[in-house]
Amino acid sequence: MIMAPAGAKRNILERLDAGEIVIGDGGFVFALEKRGYVKAGPWTPEAAAEHPEAVRQLHREFLRAGSNVMQTFTFYASDDKLENRGNAQRFTGAQINEAACDLAREVANEGDAMVAGGVSQTPSYLSCKSEAEVKGIFTRQLNVFVKKNVDFMIAEYFEHVEEAEWAVQVLKTSGKPVCASLCIGPDGDLNGVSPGDCAVRLVKAGANIVGINCHFDPMTCVKTVKMMKEGVERAGLKAHYMVQPLAYHTPDCNCQGFIDLPEFPFGLEPRILTRWDMHKYAREAFNVGIRFIGGCCGFEPYHIRAVAEELATERGYLPAASVKHGNWGAGLEMHTKPWVRARARRDYWEKLKPASGRPECPSMSTPDSWGVTKGHADLMQHKEATSLDELMPLFEKAKASH
């Protein structure tokens, strides 16, 4: 099978309209936090300006693994988030966003990839700032994306469909294709708006592609996108669909997803999906009609390679990274130990039930269920660092709930 094609690039809607599969990249904030370039908590992307070599290399690894979308590392790069709760910055949002655009474009030009400029939910919305104020934040980010001429826009990681609508309305003024991706599950957004109704509202706001990212595992996200698709079709509307889930198993999550799990964010490794789980995810997403398939937090390049390999027949080529990866473990045929050579077959990896190696650990957890969302006093954001007086009642509440 041939490797990825070269030639003139087409935009994302041309590709999707032609029935092609577009493969996204993975979760940059989690991947770079593990590598020592992002701070857990604020999850802001100043590494694009501080350590461009790290961001560039991760882009290249995803490109080699099969991604044909290089999403700018601009998650949470709005000034209100960069300044939130004492998060001191040496760079402005504009500086970070410009650096991120340049890095994404540099790597995209090395292959058959498009650049997507991304915006996400804001502390200002949680603090009940006005529509005009929140849209102003998105507009300042959009100005950079227009200046840098990204190929399309993504409004991602929104828990409230209203804020996502505002983002779409702003991004649509660019004239570029717009994706809208919510971080919700089958129960809908945090105000209880169903996935189907959310999707209809986003399409009416101007989104060309709608779907789900983050907060839940792949199969839960695929199920939720399927509900969105059904809602759009019932309304007599048309859209393309995308999914970029977690790389963690989350069967025990509630409506707020993995941030409510006690393991979030530093103890999630036992939940990580294998590359073979990713094969199942890619096939399920394809079968329900999703054609923009990628990943979010926890996804590493090898996960994306698995997605690309599962869909290689439909795409007509393998990613470059498959040179170093035998189909369904075929490379193990060269192992020195015979019992490992015996694992060089598909049915072994498809049927494997991986052990955690943690004898006293439960298979599932009890999520935190504090039930706070937009407008609650605990979600009023501020620039000052969180004080010990603010933290103590939170510690006590957490102890009481476990």
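Colleague: What covers the buried residues of helix 10?

Modeller: The cover includes helix 9 (161-172), strand 5 (178-182), strand 6 (209-213) and helix 11 (218-234). The elements come from DSSP runs, numbered from the N terminus: H or I for helices, with at least four residues, and E for strands, with at least two. Bear in mind that this is a predicted model, where local features need pLDDT of at least 70 and side-chain atom pairs pLDDT 80 or more, while totals for chains, interfaces and linings use all residues. Residues are numbered from 1 along each chain as its sequence is written, and side-chain values use heavy atoms, with hydrogens and water left out.

Colleague: What makes helix 10 "mostly covered"?

Modeller: Eight of the eleven residues in helix 10 (195-205) are buried. Buried means under 20% relative accessible area, exposed means over 50%, and partly exposed is in between (1.4 Å probe, protein chains only). The buried ones are Pro195, Gly196, Cys198, Ala199, Val200, Leu202, Val203 and Ala205.

Colleague: Which residues does UniProt list for "binding site"?

Modeller: The unreviewed entry lists Cys214, Cys296 and Cys297. They are spread over 84 residues of sequence, yet they cluster in space, with a largest C-alpha distance of 6.4 Å. Feature names are shortened, positions follow the numbering used here, and annotations may be inferred rather than shown by experiment.

Colleague: Why is Cys296 called buried?

Modeller: Cys296 has 11% relative accessibility, which is under the cut-off, so Cys296 counts as buried. Its place is in the loop between strand 8 (292-293) and helix 13 (301-310).

Colleague: And why does Cys297 count as buried?

Modeller: The relative accessible area of Cys297 is 7%, again under the cut-off, so Cys297 is buried. Cys297 is found in the loop between strand 8 and helix 13.

Colleague: Why is Lys324 called exposed?

Modeller: Lys324 has a relative accessible area of 71%, which is over the cut-off for exposed, so Lys324 gets that label. Lys324 is in the loop between helix 14 (312-315) and helix 15 (338-341). Apart from neighbours within four places in sequence, Lys324 is in contact with Arg64 and Arg305. Lys324 and Cys361 are 37 residues apart in sequence and 35 Å apart in space, C-alpha to C-alpha.

Colleague: How do you know that strand 3 and strand 4 pair?

Modeller: Pairing takes at least two bridges found by DSSP. Strand 3 (114-119) and strand 4 (152-158) are joined in the parallel sense over four bridges, so they pair. One example is Gly118, whose bridge partner in strand 4 is Ile154. On to strand 5: five bridges join it to strand 4, and the two run parallel. There, Ile154 stands opposite Cys179.

Colleague: What makes the crossover from strand 4 to strand 5 right-handed?

Modeller: The chain crosses from strand 4 through helix 9 to strand 5.

Colleague: Why are strand 1 and strand 2 called edge strands?

Modeller: The open sheet of eight strands has the order 1-8-7-6-5-4-3-2, with parallel pairing. Strand 1 (22-23) and strand 2 (69-71) each pair on one side only. Strand 1 is joined to strand 8 by two bridges, and Val22 stands opposite Phe292 there.

Colleague: Why is Gln256 called buried?

Modeller: Gln256 has a relative accessible area of 14%, under the cut-off, so Gln256 is buried. Gln256 is found in the loop between strand 7 (240-244) and helix 12 (275-287). Not counting residues up to four places away in sequence, Gln256 touches Glu159, Leu190, His215, Phe216 and Val372.

Key. Contact = heavy atoms within 4.5 Å. Right-handed = clockwise from strand over helix to strand, strands pointing away.
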